[in-house]
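Please examine the ligand site of the model shown here, together with a few selected residues.

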Amino acid sequence: MKEISDNSGKVIIRKAVQSDAKGLIEYLNIIGGESNFLTFGIGEFGGSIEEEEEFISNALNKENALFIVAEVNGNIVGNLNFSGGPRQRNAHVGEFGVSVLKEHCGKGIGEKLIKYLINWSKKSEIIRKINLRVRNDNTVGIYLYKKLGFLEEGVLKRDFLINGEFYDSLLMGLEIN
Ligand SMILES: CC(C)(COP(=O)(O)OP(=O)(O)OC[C@H]1O[C@@H](n2cnc3c(N)ncnc32)[C@H](O)[C@@H]1OP(=O)(O)O)[C@@H](O)C(=O)NCCC(=O)NCCS
């Protein structure tokens, strides 16, 4: 069941549910046009509502996956998607992506989403490592990840190609014990 929003402007962090599918597609298409730090651009998130519903239900059913949203006044303003590996040897580790709508950035929502992931991982009894990759000129992202304990582990050269220009990514990770 979707939590009832109280219209107070309060940020609710919760797991995505199937009825979020339409709102999530709208959200992802907006965010793709707002940020060049993501792996998709404006209008590139072309999935159908049914596909998004299936994606959400897969995340809900997988023991080592987490798909959460930040909601303000009933609207999705941020999300985080984490998925662990499919086999016994890599089920303990996964990568996440996070985003927050521009007009809601700098209010602590990104931090809340990542802290939710870290707490969930600690309780999961499966997850032992959280990975991420971030464009190496994404100063806000890198600052936030370091603040939450993520360490730099390496660099992927030419990881993005945007408007003819290459960008490197920083690999970062947090061990969960
Ligand atoms: C990265 C992102 C998720 C952070 O979310 P957010 O809700 O803005 O983050 P928070 O408000 O929780 O924290 C941001 C921190 O950076 C600081 N910050 C915010 N804007 C800043 C800026 N322009 N320059 C420097 N620091 C900044 C904030 O003060 C805060 O630090 P503090 O808690 O010590 O004061 C968000 O900026 C975003 O969606 N960016 C576009 C997509 C993206 O980059 N995703 C990550 C790809 S790896």
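Predicted model: local features only at pLDDT ≥ 70, side-chain atom pairs only at ≥ 80, totals over all residues.

Residues are numbered from 1 along each chain as its sequence is written, and side-chain values use heavy atoms, with hydrogens and water left out.

The ligand sits in the largest pocket. A pocket is defined on a 1 Å grid over the protein atoms alone, as an open set of points where a 1.4 Å probe fits, with protein on both sides within 12 Å along at least five of seven lines. A molecule sits in a pocket if more than half of its atoms lie within 2 Å of the pocket's grid points.

Two or more residues of the shell around the ligand are given by each of strand E4 (93-100), helix H3 (109-124), strand E5 (129-135) and helix H4 (139-147). Helices (H or I, at least four residues) and strands (E, at least two) are DSSP runs numbered from the N terminus. Helix H4 provides the largest share, six residues.

Which residues come nearest to the ligand? Of the 22 residues around the ligand, they are Val100, Gly108, Gly110, Tyr143 and Lys147; a residue counts as near if one of its heavy atoms lies within 4 Å. The shell comprises 11 nonpolar, seven polar and four charged residues. Here Ala, Val, Leu, Ile, Met, Phe, Trp, Tyr, Cys and Pro count as nonpolar, Asp, Glu, Lys and Arg as charged, and the others, Gly among them, as polar.

Oxygen atoms of the ligand lie 2.8 Å from a polar backbone atom of Gly106, 2.7 Å from a backbone N or O atom of Gly108 and 2.8 Å from a polar side-chain atom of Asn138. The protein covers 70% of the 940 Å² of accessible area that the ligand has on its own, by the Shrake-Rupley method with a 1.4 Å probe.

Lys112, in helix H3, is partly exposed at a relative accessible area of 42%; the class lies between buried (under 20%) and exposed (over 50%), with a 1.4 Å probe and protein chains only. Val134 belongs to strand E5 and is buried, at 4%. Ser169, in strand E7 (residues 165-175), is buried at 0% relative accessibility. The side chain of Ser169 makes a polar contact of 2.7 Å with the side chain of Asp159. Such a contact is a pair of N or O atoms within 3.5 Å; within protein, one must be able to donate a hydrogen and the other to accept it, and residues adjacent in sequence count only if both atoms are side-chain atoms.

How values were computed
1 Å grid on protein atoms, 1.4 Å probe; cavity = no way out; pocket = protein on both sides within 12 Å on 5 of 7 lines; lining within 4 Å.
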